[in-house]
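Dear colleague,

Please find the structure for your review below. My notes on its sheets, its helices and its ligand follow.

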Amino acid sequence: MNYISVIDILASDAIHQEFTVKGWVRSFRANQFIALNDGSTIKNIQCVVDYENMDDALLNRVNTGAAIVVTGVLEESQGAGQRVEIKVKSIEIEGDADPEDVKLTILSPKRHTLEKLREQAHLRVRTNTFGAIMRMRSKLSFAVHQYFNENGFFQAHTPMITGSDAEGAGEMFQVTGLDLNNPPKKEDGSIDYSQDFFGKETNLTVSGQLEAETYALGLGKVYTFGPTFRAENSNTSRHLAEFWMIEPEVAFYDLDANMDLAEDFIKYVIKYVLDNCQDDLEFLEKRLIDEDKKKPQAERATMALREKLEFVINNNFKRVSYTEAIAILRNSKPNKKKKFKYLIDEWGADLQSEHERYLVEKHFECPVILFDYPANIKAFYMRLNEDGKTVRAMDILFPGIGEIVGGSQREERLDVLKEKMAALDIPEEELWWYLDTRKFGTCIHSGFGLGFERLVLFATGMTNIRDVIPYPRFPGHAEF
Ligand code: 4AD
Ligand code: MG
């Protein structure tokens, strides 16, 4: 390589040696100081120009946003704020950026709102905030693979196009090769999917779980990490139509082992970013403190970002049954004063995010694992408890996020599983292969799904899920 990255040169001790760096101009101050960033770190390398001995026409092209190649000698910096800087020998402009055009974009050096940055999502990665978020997203993704690899898991690549609705929620995007203006029809007038590309109705997957289960019952410990799609019309700061999900599935694990795995896994990946993303975390933490200053005291965060992450690592998640949670919620102030939008009246009620957030943020003030939910508010594949009315489900709730994990011990008994499917009108023909696993050496097994973007939200301290994925997809929006 004929150049060095900014992160490496900032760490270099090779004073008086010549280097070449390549990057984008963040600012050019006093015709002398170029702040150059190449994305390898949030930090810029300061390049000092001896403007009296440089071509004016060239220096006029060193504008914010331009891509340039700088060659010069590494020196200890006289100025505050950096240890080293480059004394420039030569500059090459690789790509100009017209200042008049830059002014109209988020590249112009002033504060832009997150909404504005979203409109220019193709440029926002060049800002400090989004550089930090996206580097952290990548590190978190790496930590996920490292955790599972270190713990004996195999990655299973489950299909993205499927013929089944894993969650039974019916919120799927259809995949078809048929001409929508003139689809083949059956005699009764309905669409004839036997003539479609796959010879049947297909959709984008909402979860790789069912296929992952079949793999766990052969490889023992597996996980998936891939895109999932939900056509739910949820225009919220926590939902995407396309998001990435991590789904471990383990043979011979019961629900307790599943909870232990989830807690250990989350702590590991958060510790990983604390250890490996210090500069980005410092920046994001400071950004949050600045944002908080604009808010009234009562709305400000009680912990700084890194303190909040340390807190999660150093404390046990509180494990509470659904039944206990309902009792707490029923007697809670917002319930009695009718402050909840959905009042908690009876056992069996589905928990809304307002309830989940009350439990985590007000009542327990730490991450909470809720388990043993009523069977009729959870998916068909969860194992029925002896009481006949609850299932071995667990959700992990996080402060500021709400549900970050959903999982369960799976129903391994063929007869019980068939009964539940019948009750929910799920045709056995569709899931014959899933039922087969309960015929040939069925065993206790468990797993969970963690929404990767919700994890990135928590780790970066951001509040809108649209800001932690490069190109968010949500109702009415598939730009870029
Ligand atoms: O609770 P969910 O729907 O569970 C499943 O899909 C199971 N099959 C997982 C399993 O047991 N293998 O989704 C799991 C997690 C949620 O807790 C949430 O973090 C995330 O996926 N999630 C979403 N994230 C962003 N946008 C959405 N629309 C999401 N829906 C779920
Ligand atoms: Mg869920």
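Before the strand partners are named, one convention is needed: two strands are said to pair if DSSP finds at least two bridges between them. Please also bear in mind that this is a predicted model.

**The open sheet**

An open sheet of eight strands runs in the order β6-β10-β11-β16-β15-β14-β13-β12, and its pairing is mixed. At its edges stand β6 (154–155) and β12 (318–321); each has a single partner strand, so one side of each is left without a neighbour in the sheet. Within this order, β11 (residues 242–251) pairs with β16 (residues 445–451) in the antiparallel sense, over five bridges. Ile246, for instance, has Leu450 in β16 as its bridge partner.

Two helices lie across strands of this sheet. Helix α6 (residues 209–219) lies across β6, β10 (221–229), β11 and β16, and runs at about 30° to β11. Helix α15 (residues 452–460) lies across β10, β11, β14 (390–398), β15 (402–409) and β16, at about 55° to β16.

**The ligand site**

Which strands contribute to the shell around ligand 1? At least two residues each are supplied by β11, β15 and β16. The strand that gives the most is β15, with five residues.

In total, 24 residues surround ligand 1, and the closest are Glu167, Gln209, Glu232, Glu247 and Glu403. By class, the shell divides into eight nonpolar, eight polar and eight charged residues.

- A nitrogen atom of ligand 1 lies 2.5 Å from an N or O atom in the side chain of Glu167.
- A nitrogen atom of ligand 1 is 3.5 Å from a polar side-chain atom of Tyr381.
- An oxygen atom of ligand 1 is 3.2 Å from a polar backbone atom of Gly451.

How much of the accessible area of ligand 1 does the protein cover? On its own, ligand 1 has 640 Å² of accessible area, and the protein covers 93% of this.

**The barrel**

Elsewhere in the chain, five strands close into a barrel in the order β1-β2-β3-β5-β4, again with mixed pairing. From one strand to the next, the twist averages 55°. Gly23 stands opposite Ile68 in β4.

**A helix pair**

Helix α8 (residues 278–293) packs with helix α9 (residues 305–314) at an angle of about 115°, and their axes are 8 Å apart. On the α8 side, the contact is made by Gln278, Leu281, Glu282, Leu284, Glu285 and Leu288; α9 contributes Leu305, Arg306 and Leu309. The residues of this contact comprise five nonpolar, one polar and three charged.

With kind regards

Note on methods:
Residues numbered from 1 in each chain as written. Chains lettered and ligands numbered in written order. Predicted model: local features only at pLDDT ≥ 70, side-chain atom pairs only at ≥ 80, totals over all residues. Heavy atoms only, no water. Helix = DSSP H or I, 4+ residues; strand = E, 2+ residues; numbered from the N terminus. Contact = heavy atoms within 4.5 Å. Axes fitted to C-alpha atoms, helices over the stretch in contact; angles between N-to-C directions. Near = heavy atom within 4 Å. Polar contact = N/O pair within 3.5 Å; in protein donor to acceptor, adjacent residues only side chain to side chain. Areas by Shrake-Rupley, 256 points an atom, 1.4 Å probe, with all protein chains shown as cover. Nonpolar A, V, L, I, M, F, W, Y, C, P; charged D, E, K, R; others polar.
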